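Here is a friendly walk through one protein model, with the cut-offs spelled out along the way. Have the structure open as you read.

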Amino acid sequence: METKNSTKSSHHKILLLITFSLIFVSIISFTFYQKFEDKIPVLMYHSVQETKVSEITISKKYFVKQLKYLKANGFKTLTLDELYDHLNTGKKIPRKSVVLTFDDGYKDNYTIVYPLLKQYGFKATVFVQTDKTDKDDYFLTSSQIKELSENGVEIGSHTVTHRDLSTLSNEDQEKELSDSKIVLEKILGKPVNYIAYPYGSCNDESKKIAKNLGYKGAIGILDQYTSEDTDVFEISRRAVIEDMDNFLGKVEKNNYYMGKYKFRKLRRIILSKF
Ligand SMILES: [Zn+2]
């Protein structure tokens, strides 16, 4: 009888332990879920070409694969202005949001990226290095910049000469940030509100100057998610490369999706063998 009772009591203890463990795990998961939900990846691209020709290029095929993934999985793209609105007002960032940004202002942003954005109904921001505009065939012309802007692509500054701002005098930094803003605003006929620091490099002065010149925010490269704790004068970005797992690791906020993609890939490989 005593043995029966002690078995019963140890069963109770195990049951209690399991219940508390489940409650504990649920609280932790919910906390992390909430934490992840308030974050958004701002992705950084440069050039998209038919084939990958350099470290800063991704092939059109791969870019399409990424856009397809975002579309199929219910992602919504935000402009930087929309993101700023969320960061500034504390309004919740919509679930499954992503910001697509393109640096330097390469011509393929007009010839390849722009038609694809229209096809998939996605928004994006292009940061232009203004001393290349109308002077270098590899880069966007002013009429292309204007057309992009009139059709939902946000245009930002990427300075005039693409020098590392943290190495420049305050005067030179101001010139880079101000002259590029003036040139772009003349082309667009509207304010240019954001700047992407070349190489993501800046110092406190760069932030102060950007703010004084009327920029609403600035973009760095720190490979982190952006949330309401983020400094709007150094918004983080995540560089995109030609690797789907790497891409998913950056857009999805937990590693489960990464695992799921790997599993699907593995299953495809196995099935293709039969
Ligand atoms: Zn750049």
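## A nonpolar surface patch

Ile14, Ile18 and Leu22 make a nonpolar surface patch of about 290 Å². Patches are built from residues with over 30% relative accessible area and no salt bridge, joining like charges within 9 Å and nonpolar side chains (Val, Leu, Ile, Met, Phe, Trp, Tyr) within 5 Å. A salt bridge here is a side-chain nitrogen of Lys or Arg within 4 Å of a carboxyl oxygen of Asp or Glu. Areas come from the Shrake-Rupley method with a 1.4 Å probe, and for residues only the protein chains shown count as cover.

Isoleucine 14 belongs to helix α1 (residues 2-37). With a relative accessible area of 48%, isoleucine 14 is partly exposed; buried means under 20%, exposed over 50%, and partly exposed in between (1.4 Å probe, protein chains only). Helices (H or I, at least four residues) and strands (E, at least two) are DSSP runs, numbered from the N terminus.

## About the model

This is a predicted model, where local features need pLDDT of at least 70, side-chain atom pairs count only at pLDDT 80 or more, and totals for chains, interfaces and linings use all residues. Residues are numbered from 1 along each chain as its sequence is written, and side-chain values use heavy atoms, leaving out hydrogens and water.

## Aromatic contacts

The whole structure holds 10 aromatic pairs. Rings of Phe, Tyr and Trp (its six-membered ring) pair if their centres lie within 6.5 Å; planes under 30 degrees apart are stacked, over 60 edge-to-face, and the rest tilted. One of the pairs, tyrosine 84 with tyrosine 194, is edge-to-face, at 6.3 Å centre to centre and 65° between the planes. Tyrosine 84 sits in helix α3 (residues 80-89) and tyrosine 194 in strand β8 (residues 194-196), so this pair ties together parts 110 residues apart in sequence. Both tyrosine 84 and tyrosine 194 are buried.

Elsewhere, ring pairs link Tyr45, Phe63 and Phe102 into a cluster.

## A covered strand

What about strand β6 (residues 124-128)? Five of its five residues are buried. Ala124, Val126 and Val128 point one way from β6, while Thr125 and Phe127 point the other way. Strand β5 (residues 97-104) runs parallel to β6, joined by four bridges; strands pair if DSSP finds at least two bridges between them. Threonine 101 stands opposite threonine 125 in β6.
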